[in-house]
Amino acid sequence: MENSMTKANKYLCVIISMFIYVTLLSMPHTTVAFSDQVIQRGATGDDVIELQARLQYIGFYRGEIDGVFGWGTYWAVRNYQSEFGMEVTGLAGEKTKAVLEKSTQYDKEWVHRMIREGRKFTYYGGTPLEIQQGPKGSRDTSQGQAAKQGKSPEAGGEQAQKQPQGGETQRQPEQPPEQQQQPEQQQPEQPPEQQQQPQQSPEQQQPEQAPPPAEQQASPEQPEPEPEEEIPVPEEEEPEATDDTGVQGALNVPEGFTENDIRIMAQAVYGEARGEPYVGQVAIAAVILNRLQSPTFPNTVSGVIFEPRAFTAVADGQIWMEPNETARKAVLDAINGQDPSGNALYYFNPDTATSGWIWTRPQIKRIGKHIFCK
Amino acid sequence: MVRSVIIGILAVALIGTGVWGYREHQEKNAILINAENNYQRAFHELTYNIDLLHDELGASLAMNSKDRLSPSLAEVWRITSAAQNDLGQLPLALMPFSKTEEYLYKIGNFSYRNAIRDLDNDPLTEEEYDALKQLYEQSGEIQAELRKVQSMVLQDHLRWMDVEMTLASEDEPLNNAIVNGFQIIDEKVGGFAEVSFGAENAELATNDEQIAENLKGKSINEQEALQKAKAFLDLKNTDGATVTESGEGLAYQAYSLSIPDEKHGTDIVMDITKKGGHPVWMLNEREIDVQKISLNEAFENAKAFLERNNFENMQLVDSKQYDNIGVFHFAGLLDNVRVYSDSVVVEVALDQGDVIGYEGFAYLANHEEREQVKPKLSRKKAEEYLNPNLEVMEHHLAMINNQLEEEVLCHEFYGVINDDTFRIFINAENGAEERVEKLANAEPVYRNEE
């Protein structure tokens with residue numbers, strides 16, 4: 001009996017602390033917040049998505065929210081910093097992020113869902129979100145204006161209507177009453193709209209449905225939970241990790257190359273040198289680029305790769321295999337300037353080379369199975 | 001009875017195999033003819049383009065009016081590019097035909113430079129006119145030889161597929177009418193008197209030749225190279241490292257080092273020049289985990305790495321994150337002027353924050369003691385040369401190589417037109433727009449339905 005009493009006490013404690021935690025969560029400036037990194041131009045990831053969304057919310061950023069800190073975002077940050085009387089650095093540091101968090105709203109779940117579903121969308125404050133979203137997959141198919149999107153009535157407009165403007169603002173008052181009933185129904189079935197705002201009330205949900213942002217769990221202003229409460233924490237982080245990170249709307253590409261150029265080069269490198277050490281693969285990508293520069297070879301990536309008899313992997317069709325991540329990384333390294341081959345234009349495998357002519361070229365070095373030469 | 005049934009079955013099988021074999025044969029032939037046709041098309045287009053080139057060069061010689069000369073030279077440039085493209089489609093990759101390709105490139109380069117230049121204020125010099133004449137004659141010779149090969153191909157029904165077979169087989173010497181014809185052309189081009197293209201034409205120096213020219217310091221041996229590497233990478237030891245020397249193909253001599261990275265169980269590979277012991281490039285082959293540190297922290301590490309290795313006055317000009325790697329481009333800084341030709345690239349792994357890649361080709365090829373320069377035009381004056389639609393966001397002074405491969409001091413403006421960002425270099429001497437670049441936006445991930 002005593003045992004069950006203490007258990008009940010503990011249970012109550014847990015519920016109360018959970019409640020405090022929930023109210024903390026639902027306060028505007030702590031809803032979803034940046035991690036503590038300084039965000040620099042060129043960065044990618046969730047923090048950049050948030051940065052772009054918040055800047056768009058107050059009208060500084062007009063581009064697409066894609067999670068890549070490109071030039072458009074850079075100018076937006078700088079304009080924002082100068083407008084709000086901060087030092088203009090173009091870096092989203094502690095102060096910039098704090099001011100942004102105070103002056104804007106961010107509905108992480110909504111924004112991430114838009115990107116995951118490939119919708120075209122905008123995130124301007126003061127405008128209902130449902131008219132800012134396009135239909136599923138609209139980002140790839142239509143290159144239309146952002147302003148025109150969302151006029152189409154289908155595509156989950158229904159869900160979004162439950163989201164009043166600016167994400168959380170209007171919903172906050174109604175949140176606490178619901179939560180007060182929580183003790184009686186610790187694991188209730190979810191009201192439908194809750195599933196769209198899991199970050200507001202993680203404790204109401206079964207662990208696998210609840211993806212609260214990991215950084216808040218660790219935030220210092222939170223009351224230190226009892227040992228028991230820590231148990232659900234790691235479980236709750238898991239779905240967050242699998243579900244909401246890795247949302248990516250765009251990629252960085254090196255100046256002058258497209259992702260498809262990189263892909264085709266990666267295929268060539270993979271077909272030619274998949275068994276080779278990594279440097280050997282970078283060297284082969286570098287040879288392709290050296291030929292691009294050279295006056296005696298074609299001037300496009302595809303021209304160089306598909307030049308008849310230039311690459312055995314092209315001749316025997318191995319180029320059409322699915323390249324791995326290593327080949328892609330090797331290509332990126334080469335495009336960024338790495339050249340282990342030492343400006344080579346040719347390479348050959350001495351065990352299988354059929355042309356006598358290739359042996360007459362001045363050799364530079366051997367990497368793995370290949371000899372690189374001028 | 002049984003016998004006749006068996007005979008019947010065998011007969012049917014035989015006929016079936018025959019039909020199947022015939023179909024296969026037909027299909028194979030169709031594909032061969034298709035491939036052959038592609039080669040033939042490229043070849044005949046090539047001869048056509050060389051014809052055109054010769055005519056157009058002749059026409060430009062006869063021209064007196066300057067207004068017609070520029071378009072004509074532009075046409076020459078276009079034709080050389082088309083001819084180069086045709087050459088790229090012929091199976092000549094393992095055959096020495098490079099002199100002709102280089103020759104085409106030089107004609108293209110020469111005509112382009114003169115087509116874009118203002119011939120009213122700066123007419124062709126006597127020397128350049130002579131060069132044009134020479135080019136006309138030489139292209140005539142190439143044209144004649146190519147026509148010979150072409151008529152041979154047409155009359156004797158020569159096939160490019162046979163050229164391919166000949167090149168692929170190990171038989172030496174190559175004996176094929178087309179191959180021989182092309183070899184004659186290439187030898188001829190090799191024997192052409194060196195055309196003087198005028199002072200402006202930069203020679204085709206490759207990167208490694210520039211490095212060889214610019215290297216300073218005394219020669220080091222293998223042990224010293226290892227010591228340099230140890231200091232460069234801040235390693236405790238270089239046990240188990242292997243050192244090899246570069247071959248004759250590289251203009252400068254270098255040691256290639258492979259040093260075990262004990263912490264990650266992989267190898268760090270790098271090249272160090274023999275002369276002066278300068279690291280050229282470095283790569284760590286290790287796998288990289290998921291991102292743990294921010295791009296900004298990685299930048300601090302990259303900066304510290306450069307400072308530790310005595311790179312003075314380097315400024316970050318571009319940073320990009322590729323998944324779990326941060327790539328940082330630094331340019332040299334000379335009294336607040338960015339020197340773009342003195343650039344190095346540092347790669348940092350975003351899991352542990354260590355430097356996993358370095359390359360300094362441009363730095364080694366170009367870095368030298370420079371004199372400080374003062375811009376003649378002020379920033380305000382230079383801005384007047386900009387497109388009025390451009391909203392200037394950022395300004396630097398910068399030293400770049402312009403199209404004529406000269407180092408020029410420029411005002412570097414970053415600006416926005418609509419939603420696109422541009423980088424514009426205005427010559428700080430005369431206000432010329434030396435370079436205008438549209439800076440890349442991030443590329444969307446194209447989703448395929450999975």
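Helices (H or I, at least four residues) and strands (E, at least two) are DSSP runs, numbered from the N terminus, and the expected span of a helix is 1.5 Å times one less than its number of residues. Helix H2 of chain A, residues 46-57, has 12 residues and reaches 16 Å from its first C-alpha to its last, close to the 16 Å expected.

The structure is a predicted model, in which local features need pLDDT of at least 70, side-chain atom pairs count only at pLDDT 80 or more, and totals for chains, interfaces and linings use all residues. Residues are numbered from 1 along each chain as its sequence is written, while chains are lettered from A and ligands numbered from 1 in the order in which they are written.

A residue counts as buried if 20 or more other C-beta atoms, placed from the backbone, lie within 10 Å of its own, as exposed if 12 or fewer do, and as partly exposed in between. Because 12 of the 12 residues of H2(A) are buried, this helix is largely enclosed by the rest of the structure.

| Helix of chain A packed against by H2(A) | Residues |
|---|---|
| H3 | 71-83 |
| H4 | 94-103 |
| H5 | 108-116 |

After H2(A) comes Gly59(A), whose phi is positive, near 80°. UniProt, in an unreviewed entry, lists residues 44-100 of chain A as "domain: Peptidoglycan binding-like"; its positions are given in the numbering used here, feature names are shortened, and annotations may be inferred rather than shown by experiment. Over residues 44-100 the chain is 56% helix and 0% strand.

Chain A as a whole has 16 helices and 4 strands, and of its 374 residues 44% count as buried.

The contact between the chains takes 61 residues from chain A and 59 residues from chain B. Among the elements of chain A that give two or more residues to the side touching chain B are H3 and strand S1 (250-251). Two strands pair if DSSP finds at least two bridges between them, and S1(A) pairs with strand S13 of chain B, residues 443-444, in the antiparallel sense over 2 bridges.

The predictor's confidence in each residue, pLDDT, runs from 0 to 100, and its mean for chain A is 69, with 61% of the residues reaching 70 or more. Over residues 142-244 of chain A the pLDDT is below 50.

Note on methods: Two residues are in contact if their C-beta atoms, placed from the backbone, lie within 7 Å.
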